[in-house]
Amino acid sequence: MTYIVPNYFEKNNTSNFITSDDMFYVAYSSRKNQKRFIVRNTLNVIIIMFEGTKLLHMQNQDLQVKKNNIVFLSQGQYFMSEILGDTHSYDAALIYFDNNFIIDFMKKYDINMSKAKAESEIVLENDKFIQNISSSFELYVKNDFENKNKIMKLKTEEILLHLYNKNKEKLINFFQHILESKESSLKYKLESNLETIETIEDLCSLTKLNSANLRKQMIKEYGQFPKEWLNEKRLNKAALLLQTTDDSITQIATSCNYATPSWFINQFKKKYHNIKQNLYLLIQNIFQFGLY
């Protein structure tokens, strides 16, 4: 199962959850035996860790998030979340927000973006000040009164300002990624809805472009034809599943929308033929689980 967040929390009426037009907050605790789960975040998120340790298997790197860490993840990412330790438990506060929230924040506080290098995920250090602010969110969850969402936004701005004073360069790099994503409406639409895209027709429907114009825009934004882009996204997901799950080749091929395992293997070898680790994982899965 893939958890689409923050949608999952909203649909399941998760306790300790505040919603507004463009922001979501949830105090999240896990005491389950499930160590690994697949996550797709449709909004940017700040994860403030209070207890426990998590390992996030991203497309290009692994992020270990420990107690007193804060991790920023940009929207549209697909990753494997793994809870480490014998207890398989953790406590965290999650704040979800759209790109416009960051853009408005930068304008409001006149954030200088000179010499910024875009980063889609960063890990910073937490402190008691941040913990006190994030913990106070729960008071607003449990009590209903006017302007609750405005207070939530102000508190999030307070967290960002405090982190900006302590970690200016890293936070600006994350902001730069937000700006670059926002500049392209096509990229924003595609990467915010990856989970629902299965065919070229889905791409056309989502972008409101015919096939010819879609081709032109995809080449401009990604340097790829739509079919190439879609296949790369499927294979990126498959590589992650191979490295982080015990799913069979058949299961992975199906979850990545390939008609047959043999066609999936053919495409996977073309993309990863020079990457020994991934080929080893592929072969290992073939012998362990077979093609049926």
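Asn68 sits in the loop between strand S7 (62-65) and strand S8 (69-73), with helices (H or I, at least four residues) and strands (E, at least two) taken as DSSP runs numbered from the N terminus. The model is a predicted one: local features need pLDDT of at least 70, side-chain atom pairs count only at pLDDT 80 or more, and totals for chains, interfaces and linings use all residues. Residues are numbered from 1 along each chain as its sequence is written, and side-chain values use heavy atoms, with hydrogens and water left out.

Phi of Asn68 is near 70°, a positive value in a non-glycine residue. Asn68 counts as partly exposed because its relative accessibility is 27%; buried means under 20% relative accessible area, exposed over 50%, and partly exposed in between (1.4 Å probe, protein chains only). Asp110, in the loop between H2 and strand S11 (121-125), also has a positive phi, near 50°. At 68% relative accessibility, Asp110 is exposed. Another loop, between strand S1 (2-5) and helix H1 (7-11), holds Pro6, and the peptide bond leading from Val5 to Pro6 is cis, with omega near 10°.

Asp98 belongs to the loop between strand S10 (90-97) and helix H2 (99-108). With 13% relative accessibility, Asp98 counts as buried. Its side chain reaches the backbone nitrogen of Asn100 at 3.3 Å, and a polar atom of that side chain lies 3.0 Å from the backbone nitrogen of Phe101. On the C-alpha level, Asp98 is 5.6 Å from Leu43, a residue 55 positions away along the chain.

Helix H4 (residues 148-166) passes a simple length check: at 1.5 Å a residue its 19 residues should span 27 Å, and the end C-alpha atoms are 28 Å apart, which agrees. The expected span here is 1.5 Å times one less than the number of residues. Buried residues of H4 include Met152, Ile159, Leu160 and Leu163, but also Lys148, Lys155 and Glu157.

As for cysteines, the count of disulfides (pairs of cysteine sulfur atoms within 2.5 Å) comes to 0. Cys204 is buried at 17% relative accessible area, and Cys256 is buried at 1%.

Terms used. A polar contact is a pair of N or O atoms within 3.5 Å; within protein, one must be able to donate a hydrogen and the other to accept it, and residues adjacent in sequence count only if both atoms are side-chain atoms.
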